[in-house]
Amino acid sequence: MDTRPDTQDDPVLLARFTERIAAGDQIEAGEWIPEEYRFEARRLIQMHANSEIMGALPEREWIPRAPTLARKMALTAKVQDEVGHGMLLYRVAETLGGTREEMIAELVAGRARFHNVFHYPAETWADVAIIQVFVDGAAMQTQGALRSCSYAPYSRVLKRICYEEDFHIQLGLDVWRSLAEGTPRQRAMLQDALRRWWTPIMHFFGMPDRVSPHTAKMLAWRIKVKSNEELRQQFLRRFIPIILEYGLEVPDPHLRWVEAEERYVYTEPDWEELKRVGRNGGPKSAERLGLRQQFYRQHAWIREAVSRWAAAA
Amino acid sequence: MGGRGMTTERRAETAAERDAIWERRLDAPHDVWAVFLQARTRDPHVHVGDVHAPDAEMALVVAKENYTRRDPCVNLWVVRADEIHATTASAVHMFDSATDKSYRFGGSYRKQQQVYGSAWRLSHRDEDQ
Amino acid sequence: MGGTLAAIADPAIRAAFRESLLRAADDELVIGHRHSEWTGFGPDIESDVAMSSIAQEEIGHARAFYGQISDGEEGGGDHLAFGRAPAQYLNAILTERENGGWESSILRLVLYERYEAARLQWVSVSGQEPVAGLAKALLREEQYHALFADAWLTRMSRGSDEGHTRVQTALEALWPDALGLFEATEIDAQLLATGILKAGPDAQRQRWEAEVCPVIEACGLIVPASPPRTGGRQGRHTPDFDRLHAHLTEVRRSDPEARW
């Protein structure tokens, strides 16, 4: 699945396609696309779908332990939304080839990728606040930008996803506030969660983009809309003030705003860790993939029974 | 909608071949169902997305929670996505009018635009509101 | 929030009705908790989402009942939901069983759902307001829960021989617990005597069997002939419940002074 295609695209169709993209058009499902475009778009969307499904795992651990009935319902609803986003995204990926069944089989076999942040543990209730504010907040930057991507089915689904993610961040801020303005123990729990999540969050947008023909093509085709660093800076501009407003500490002592450059400078994250995690080598990767695999196998007889019933009906 | 299995051996289509086709059956997996939602009585049913389900009854059951948690709904339709027939993108030109059709509107061009505008708005809710 | 319980003059009747509402609240909280544990692990994404909605509604029903019961009491609904010792919860054992396979959860929902709908029905005509009005409103959400559960039960049990066997096995395990829904204590006789309850637990069980058995038999399953497993209505729970309770209260216990 990771090898780029080597087919020859019809030159007339390719020229038309390039022209339309350059004119700012979006492409619908079923229209002619270059094989490389298909490959790259599908890979991006599939990774996004995988991330929603895997992203449910850290937060769902706190549903049974949510400390009020209102929080319990809200957290269940939030994780439900993420699972629902997975559904929407797998369908979009399908329009580019393959079936959802194949993609999920690939994921549970450990052969597919999902975002780095979901390879880390959610150790306390405060982690829920950090995930909902900062992880979802980070995802919002990318998803918001990709709303103007060139593949129309993805763009449409992202509109709905962004609409729902907005609620998630509001929810997260409510939990954040209750902890930041709470007892000393609650504040300490929140600060500690922020500290533990800081590196994965800084990793989220990826290494600063290399200048390469590949990157240039992805931008020209609007499969990539903003650079990694642009998105990271956007995220920092929006979310650092929240930390400071509540009198909490930014876990990076060297992070500061440089007026002259109009950007934040920060301690360079360890990119080797990101690479390891990207190969499913993060602290929780094996456990979570194992869990998914366990349920996938457990449900095999159900899939069989259900499809037989449908075939007989 | 499209994409039933990734074919690795595929001769590249030519532009001429592509342009010749004006209609097609949607190429979706057989277990994908298109969901149409009617927000309030008298509204038209609008395509809001798809579900995977083994059969029609289950498609309706799951569509309720997958598509109406936040949106008002009084009625749902489901149909297998691969039963849907569609015009192709290359046939889009046939929807462009070349001559004045204002006789259909009994009035001015402006009125013609207004009618198009309101019919479009009826079937496209802006989720950003 | 109006006081249903405050409006009942006789303290014995008030206590009896309170206990019956607490059974409802605890049943819904505990089964909702179990259903919420399926979030992210359902057999397909769409059903995962649907089950999650059912869980939220059950927890929402619990919250509404706790609100009615705790009206005027210190700590409010959350205190009732989270603040009691395990022996003070009155949920039926059926609701507290750990999830097991999807077939067990679906079967449990099929069995529980008819009981819950019947309960909401009698509360809605009990004459005790405002909880009667509340029960009538909550009934609207129950139809979908039964629809979802029935659709799944049919497909699993009639789709394949393996499905049939697994569901039958799950039914054998759950049936005694399901009968435990109808465990009677002295409050049932009291409420029957006042006319708040129109039918006692035995009559309720018979009506429930008349609804549930045809559904089970239509799926090609055999209704077991086993005695009830009781205890839940008297606060006698299983180790499953002790683990659930510890989980449920973990965060609150970590900082009793805190607001969440």
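Predicted model: local features only at pLDDT ≥ 70, side-chain atom pairs only at ≥ 80, totals over all residues.

User: In what order do the elements of chain B run from the N terminus on?

Analyst: Residues are numbered from 1 along each chain as its sequence is written, with chains lettered from A and ligands numbered from 1 in the order in which they are written. Helices (H or I, at least four residues) and strands (E, at least two) are DSSP runs, numbered from the N terminus. Chain B has 3 helices and 5 strands, and their order is α-β-β-β-α-β-β-α.

User: What percentage of the residues of chain B count as buried?

Analyst: A residue is buried if 20 or more other C-beta atoms, placed from the backbone, lie within 10 Å of its own. Chain B has 129 residues, and the share that counts as buried is 21%.

User: Which elements of chain C give two or more residues to the side that touches chain B?

Analyst: Two residues are in contact if their C-beta atoms, placed from the backbone, lie within 7 Å. Chain B brings 12 residues to this contact and chain C brings 11. The elements of chain C giving two or more are α2 (45-70) and α6 (131-159).

User: How are α5(A) and α6(A) oriented to each other?

Analyst: Helix α5 (residues 125-146) and helix α6 (residues 152-180) of chain A pack at about 155°, with axes 8 Å apart. Axes are lines fitted to C-alpha atoms over the stretch in contact, and angles run from 0 to 180 degrees between N-to-C directions. Angles over 145 degrees count as roughly antiparallel. The two helices, α5(A) and α6(A), are therefore roughly antiparallel.

Note on methods
Parallel < 35°, antiparallel > 145°, perpendicular 65-115°, else oblique. Buried ≥ 20, exposed ≤ 12 C-beta atoms within 10 Å, placed from the backbone.
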